[in-house]
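Dear colleague,

Please find below the structure that I am handing over to you, together with its sequence. My notes on the ligand site, the pockets and the backbone follow the display.

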Amino acid sequence: MKINQNEITPETLFENRRKFIKLGAASVVASSTLMELMAKENLPTSDLSYKKDTNPNNLELNTYKQITSYNNFYEFTTSKEGVKHMAHTLVTTPWTIEIDGLVEKPFTIDMQDIMKKYSLEERIYRFRCVEGWSMVVPWIGFELGKFIKDCKPLSDAKYVRFETLWDDEMFPDQARGVFGNIKRYPYVEGLRMDEAMNPLTILSVGLYGKTLENQNGAPIRLVVPWKYGFKSIKSIAKISFVKDEPLNSWQEMAPHEYGFYANVNPKVDHPRWSQKRERVLGELFKQKTLMFNGYEKEVAHLYKGMDLRKNF
Ligand code: MTE
């Protein structure tokens with residue numbers, strides 16, 4: 001993934017200019033108003049009730065500030081520190097998820113109904129990005145498997161395909177077309193059905209006891225803790241049950257760098273990043289990366305007999 005730390009200022013200005021154009025005030029911009037817009041933060045989050053994780057592995061949590069201030073969300077910008085300043089344009093109420101493909105009956109479900117239907121639990125997980133950094137996040141959510149059962153997939157549904165919302169008013173990078181960070185939006189991800197049904201895989205609606213901030217993928221995102229972070233697609237608007245392996249966005253853009261599986265594996269390097277070690281956000285020294293990000297016991301059986309170099 002390209003990282004351009006210098007992008008933050010032009011990106012933010014670009015975004016605010018779009019806002020002014022919409023307000024019909026493109027030509028004269030009072031600098032105080034501009035500053036006000038630039039300082040605007042997201043809507044406040046609300047508290048959730050959930051069952052706490054006992055944290056049996058005694059993982060040391062990253063802070064709320066770290067988790068919400070260093071993000072990958074290419075629909076806004078490639079600047080990790082810049083995302084939180086731009087993410088206020090994402091409107092998450094109302095929000096629906098469309099379910100289609102190989103299911104008994106396609107349907108659309110409202111976020112409010114999702115929140116009523118599924119009881120929430122905390123899952124403290126390691127989260128490892130393919131770029132070589134990691135963090136520990138106390139996610140709040142529910143098992144994707146429970147949701148899938150309620151979707152009533154047909155027996156020939158072998159994969160689950162996810163899409164982020166497509167809305168170029170809310171996501172500035174989607175308006176850039178082929179000049180965007182992702183060549184073809186919406187952002188797409190996928191899981192094999194048994195990966196999706198694994199009890200570790202969750203749909204997350206919050207972290208640290210609060211609903212998700214926009215920069216972390218509000219109102220609902222995937223979290224697959226044994227895979228590189230790019231599999232954990234944000235702001236999901238569509239879930240499809242399909243027969244064939246979905247082509248995920250990163251594989252489509254750089255097939256020699258990104259595959260479908262993206263399991264954390266210290267033995268298989270990315271062409272640009274060694275995967276042997278990782279830097280936990282806030283730590284000075286790197287630590288060893290664990291096979292399947294430390295979830296080998298829970299998931300290794302899913303890949304028995306598979307060549308993990310080929311299926312990277
Ligand atoms: N989902 C969408 N829609 N767009 C993105 O750019 N980035 C991915 C993933 N999900 C991304 C996305 C990547 S590369 C990572 S590492 C994680 O989100 C980052 O999640 P975080 O910002 O909550 O840490």
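How far is an oxygen atom of the ligand from an N or O atom in the side chain of asparagine 71? The separation is 3.0 Å. Please keep in mind throughout that this is a predicted model.

**Ligand site**

In the side chain of threonine 164, an N or O atom is 2.8 Å from a nitrogen atom of the ligand. For lysine 234, the distance between a polar side-chain atom and an oxygen atom of the ligand is 2.6 Å. Of the accessible area that the ligand has on its own, 530 Å², the protein covers 100%.

There are 18 residues around the ligand, and those that come nearest are Tyr74, Glu75, Thr164, Arg221 and Lys234. By residue type, the shell around the ligand consists of nine nonpolar, six polar and three charged residues.

**The cavity**

A search of the whole structure returns one cavity of 30 Å³ or more, and the largest cavity holds about 290 Å³ of space. Its lining is made up of 23 residues, of which Asn72, Phe73, Gly229, Phe230 and Lys234 are the closest to the centre. The lining of the largest cavity divides into 14 nonpolar, six polar and three charged residues.

The largest pocket has a volume of about 420 Å³. Among the 21 residues lining this pocket, Ser46, Thr92, Thr93, Thr211 and Pro219 are the closest to its centre. Helix α5, residues 111–117, supplies the largest share of the lining, namely three residues. In terms of residue type, the lining of the largest pocket comprises 11 nonpolar, eight polar and two charged residues.

For the second largest pocket, the volume is about 320 Å³. A total of 24 residues line this pocket, and Glu60, Asn62, Val136, Val280 and Gln287 are the closest to its centre. Which elements each supply at least two residues of the lining of the second largest pocket? They are β3 (121–128), β4 (133–143), β11 (277–280) and β12 (287–288). The largest share, three residues, comes from β4. The lining of the second largest pocket divides into nine nonpolar, nine polar and six charged residues.

**Backbone features**

Most peptide bonds are trans, and most residues other than glycine have a negative phi.

- Threonine 93 and proline 94 are joined by a cis peptide bond, with omega at about -5 degrees. Proline 94 belongs to the loop between α4 (83–86) and β1 (96–101). Thr93 is also one of the residues closest to the centre of the largest pocket.
- From tyrosine 185 to proline 186, the peptide bond is cis, and omega is near 0 degrees. Proline 186 is placed in the loop between β5 (159–164) and β6 (188–192).
- Lysine 152 has a positive phi, near 50 degrees, and is a residue other than glycine. Lysine 152 is found in the loop between α6 (144–151) and β5.

With kind regards

Conventions:
Residues numbered from 1 in each chain as written. Predicted model: local features only at pLDDT ≥ 70, side-chain atom pairs only at ≥ 80, totals over all residues. Heavy atoms only, no water. Near = heavy atom within 4 Å. Polar contact = N/O pair within 3.5 Å; in protein donor to acceptor, adjacent residues only side chain to side chain. Areas by Shrake-Rupley, 256 points an atom, 1.4 Å probe, with all protein chains shown as cover. Nonpolar A, V, L, I, M, F, W, Y, C, P; charged D, E, K, R; others polar. 1 Å grid on protein atoms, 1.4 Å probe; cavity = no way out; pocket = protein on both sides within 12 Å on 5 of 7 lines; lining within 4 Å. Points joined across faces, edges and corners; volume = space filled by probe spheres on them. Helix = DSSP H or I, 4+ residues; strand = E, 2+ residues; numbered from the N terminus.
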